[in-house]
Amino acid sequence: MGASFNPCVQSSRHVLYCFVGLLLLVVAAAVLFALSDAWSATLPSVEEAVILAVFLPLCLRFCGTRSHTALRLPPGSAAKAGKIETIAAESPRRCSEVSESSPLLGARLRSCANSGDLKGLEEVAQHMRLEGIKLSSLCFGSAIRAYVAKGGRDCALKAEGWLLALAREQGCRPNAICVKMVIGAFAKVGDLAKAEEWLRRMSAFGLAPDATSFNCVIDACARVSNVAAAEAWLERMQQAGLEPNLISYSSVLNACSRAGNAECAEAWLTRMQAAGVEPNVICFNAVVRACARAGQCERATT
């Protein structure tokens, strides 16, 4: 491998060359005038005039020649020296890749996602796509997480769009974490249809739904007071070989509470205890609220 280009070394060499050149010219002038004095006397003013007329232009020409030689970049050395301006003159596309590299833009996109700057996130992503820079799976995951954290139906749809783009642009299946984030986003806004859709699509992506995935859908059922759907998804959870946990039963109880179905709430509290899952205060409060909404206050106190 050849020696790499170093501007500092080249500049030091240039100064050295100029100094040596001036020194040689001064020595040559001294020898010349010594010889001329041996033949005939020369006035000091004449010597000065000769120096200015002959040797000064030679000095300037020598220094200028060394300057151009020292600062001339060898072919391909602009990239090694980080001279983006030179690369830009040769190829604007290449300049873009050097100044706004994939890791740099990816880090900027993730920074926007972590700070909740959704507008900046979209601008960086658009710039990367225009430049032909492929977004990494980490960038997609960061964008999905940012929209889910923001909350609201519009952000849930945006998160879904990023998940679809991940599958389309990466040409591979999304990971389970991204899908579960989207399911949870739709569950929080009570969009049961979307939450159910993405839980079913996990199988199409070759992903096995886990307890968290089912719990998100059951929570979506509870938010729209759909007791039948909550019960059905808990049963599907068991059929998938997964044991319902405290969150699973708590979500079903919440569905009963919102629907004002006291009998169903009590039944699920009993089934929960029979399954060996100890109810907490939230579970008991759900049963009490179900009784209160059903107009059975005496039942709530017992």
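The exercises below work through a predicted model of one protein chain.

Residues are numbered from 1 along each chain as its sequence is written. In this predicted model, local features need pLDDT of at least 70 and side-chain atom pairs count only at pLDDT 80 or more, while totals for chains, interfaces and linings use all residues, and side-chain values use heavy atoms, with hydrogens and water left out.

**Exercise 1. The chain as a whole**

How many helices and strands are in the protein chain, and what percentage of its residues is buried?

Solution. Begin with the secondary structure, where helices (H or I, at least four residues) and strands (E, at least two) are DSSP runs numbered from the N terminus; the protein chain has 17 helices and zero strands. Next take burial, for which buried means under 20% relative accessible area, exposed over 50%, and partly exposed in between, with a 1.4 Å probe and protein chains only; of the 302 residues, 36% are buried. Finally, with contact meaning heavy atoms within 4.5 Å, residues 24 or more positions apart account for 60% of the contacts with a separation of 6 or more.

**Exercise 2. Helices α6 and α8**

At what angle do the axes of α6 and α8 cross, and within what distance do they come?

Solution. Axes are lines fitted to C-alpha atoms, for helices over the stretch in contact, and angles run from 0 to 180 degrees between N-to-C directions. The axes of α6 (residues 102-115) and α8 (residues 137-150) cross at roughly 15° and come within 8 Å. This makes the two helices roughly parallel, since angles under 35 degrees count as roughly parallel, over 145 as roughly antiparallel, 65 to 115 as roughly perpendicular and the rest as oblique. Their crossing is left-handed, a term used if the near helix is turned anticlockwise from the far one by less than a right angle, with right-handed used if clockwise. On the α6 side the contact includes G106 and L109, and on the α8 side it includes L138 and C139. C139 is buried, its relative accessible area being 1%.

**Exercise 3. Helices α14 and α16**

Which residues of α14 and α16 make their contact?

Solution. First place the helices: the axes of α14 (residues 246-259) and α16 (residues 281-293) come within 8 Å and cross at roughly 15°, which makes α14 roughly parallel to α16. The crossing is left-handed. The contact is formed by L246, S250, L253, N254, C256, S257 and R258 of α14, together with I282, C283, A286, V287, R289, A290 and R293 of α16. These residues divide into eight nonpolar, three polar and three charged, where Ala, Val, Leu, Ile, Met, Phe, Trp, Tyr, Cys and Pro count as nonpolar, Asp, Glu, Lys and Arg as charged, and the others, Gly among them, as polar.
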